[in-house]
Amino acid sequence: MPYTADKPPLAETPEQLRARIPGWGADLDPADRPSYPREVRGLETGAHWDLPEQQQERQPRERSIEHARLTPVFGTSVPLKGLSGVVRRFAYQRFSEGRAAHWLLLIGADRVDAVESHLASFATTRPDNPVTETGVLAEPSHHPLRSRAGRVDVRHQVLDPLVVVGPWVLSGVVIYRGVRAVVRQARSWGP
Amino acid sequence: MRAMVYRGPYKIRVEEKDLPRVEHPNDAIVRVTTAAICGSDLHLYHGLMPDTRVGSTFGHEFVGVVHDIGPSVRNLAVGDRVMVPFNIYCGTCFFCARGLYSNCHNVNPNATAVGGIYGYSHTTGGYDGGQAEYVRVPFADVGPTIVPDWMDEEDAVLCTDALATGYFGAQLADIVEGDVVVVFGAGPVGLFAARSAWLMGAGRVIVVDHLDDRLEMARTFAYAETVNFTQHKDIVVEMKRTTGWLGADRVIDAVGAEADGNLLQHVTGAKLKLQGGSPIALNWAIDSVRKGGTVSVMGAYGPIFSAVKFGDAMNKGLTLRMNQAPVKRQWPRLFEHMRSGYLKPNDIVTHRIPLEHIAEGYHIFSAKLDGCIKPLVVPGAA
């Protein structure tokens, strides 16, 4: 069969499918499909401008060098700051989106941002708490074993705690060793 | 206001944030009444998306009530109940003028390779999202639509992305009557794509996943045949076998970057973030479709290169079609289908989570506990 011109016959006729499945064939005609063709002109969008007004740039806004200008509208959720901000600004100013360095620097800056932000949180009244923030407290009440029984992806989920907790443990060890070294040094200078 | 805030990979919390304000004459501020967590939010949550900044608020699927408007807003008024497409778009640039709303050139200074999206990192423009009590909605005259009186709140929030994306994905597959359609991934987008494939006249729809709860939903909600890929030594061979050794006419990738894959794919993609996600589902799609067939990619991938089997795609003469869905273009026809009883989107909702418990919600969704398929987020419900 597969090596002839015929396609294997279907188990159900169009009439059977129409009877079994609500709406079967309602969009058979491509003209009824809203994204056919994908590009069309003359759609009513509600816009009443040719070029939108420019949103005020209250502080220097990073942008891709593949843009000729700052776009008329942009997000302002988290302005650049700290070392991660330096790396991000460099990535935007130096490399186009076509360069791997652009994205790898941004990914690297994300990791720097997380470390910076965790450290900064310890100087606030609400330090980061990896227990509550990872949501693992939901585990006991949501069938942790039954939900994972026989699942193929569970073998890699064991890496998740390593990724989340590992840096915290590593940081703790580094801080402990640092403090211990300082204390030992101080004692050695003692009377 | 209370808002979900990203604190680094796998870590989020709810914080007090300043109310968003009108920053452009055509902005609206919307008080969120229901939001959703999308599978693609997990890419952010896991730290896969470049330039995801600590302190940002996720959420690109939400409905709410207009709280404030800028001076040039004509089409909305304070108090209107609105549904907001996940795309932020101007309506008049080269791309919007051709209906490519998801590729707007006027809203994302950070990248030209992607348009503007709420709460989806600075790579998509640096906008805060709707997993919060309030959200800034740019181009209020273009994106939002007043929720029809007959439409349920949960159905409305599913129209803002998942349903529209699944429906769009089936359209990109160029389905003709009698086609054999395979959908990889039985998450919300895959379920809606499978259901939409029938609307376009598919002769057979097969959904592939490994989670039994989701495959059950694919059978009951999407009327699809199902295949659990863990029960087959090689899923590509199984797809060939079940299609008379031709391959499927159309294949839809509704998995994206979170595919588990083998250890190498998982570590380089999900853990080291050195790929734009693990492309295993896309590679299965390329190898499972018949020669000359179409692969529609609805799964979201990051901007970093991914190890895609492009040679197979070329040698098989495939048509690869993909885009973020231009959501609002789908709505008039989708609304007709909903009113006709062909689609009931909130049948797939499994969890409703108060905003204050969103960290647990993300964990449940990410770890796929309790058969979680689609979690909604309700501000003020704690």
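**Stop 1: a loop in chain B.** Select Tyr223(B), which sits in the loop between helix H5 (212-220) and E12 of chain B. (Helices, H or I with at least four residues, and strands, E with at least two, are DSSP runs numbered from the N terminus.) Tyr223(B) is not a glycine, yet its phi is positive, about 55°. Its relative accessibility is 24%, so Tyr223(B) counts as partly exposed; buried means under 20% relative accessible area, exposed over 50%, and partly exposed in between, with a 1.4 Å probe and protein chains only.

Before you click on: this is a predicted model, where local features need pLDDT of at least 70 and side-chain atom pairs count only at pLDDT 80 or more, while totals for chains, interfaces and linings use all residues. Residues are numbered from 1 along each chain as its sequence is written, chains are lettered from A and ligands numbered from 1 in the order in which they are written, and side-chain values use heavy atoms, leaving out hydrogens and water.

Stop 2: Now pick Trp245(B), in the loop between H6 and E13 of chain B. Here too phi is positive, about 70°, in a residue that is not a glycine. Trp245(B) has a relative accessible area of 47%, so it is partly exposed. For background, most residues other than glycine have a negative phi, and most peptide bonds are trans.

**Stop 3: helix H5.** Which residues of H5(B) are buried? Colour Arg214(B), Leu215(B), Met217(B) and Ala218(B). They span an arc of only 155° around the axis, so they lie on the same side of H5(B); the arc is that of the directions from the helix axis to the C-beta atoms. Their cover includes H4, E11, E12 and helix H11 (358-366) of chain B.

Zoom in on strand E11 (residues 204-209) of chain B, which runs parallel to E12(B) and is joined to it by 4 bridges. Val207(B) has Thr226(B) as its bridge partner in E12(B). Contact means heavy atoms within 4.5 Å.

**Stop 4: a helix pair.** Select helix H3 (residues 162-172) and helix H10 (residues 327-339) of chain B, whose axes are 10 Å apart at an angle of about 95°. That makes H3(B) roughly perpendicular to H10(B), a label for 65 to 115 degrees. Among the contact residues are Tyr167(B) and Phe168(B) of H3(B), and Leu334(B) and Met338(B) of H10(B).

**Last stop: chain A.** Find Tyr36(A) and Pro37(A), joined by a cis peptide bond with omega of about -10°. Pro37(A) is in the loop between helix H1 (14-20) and helix H2 (82-94) of chain A.

Terms used: Axes fitted to C-alpha atoms, helices over the stretch in contact; angles between N-to-C directions. Parallel < 35°, antiparallel > 145°, perpendicular 65-115°, else oblique. Pairing = 2+ DSSP bridges.
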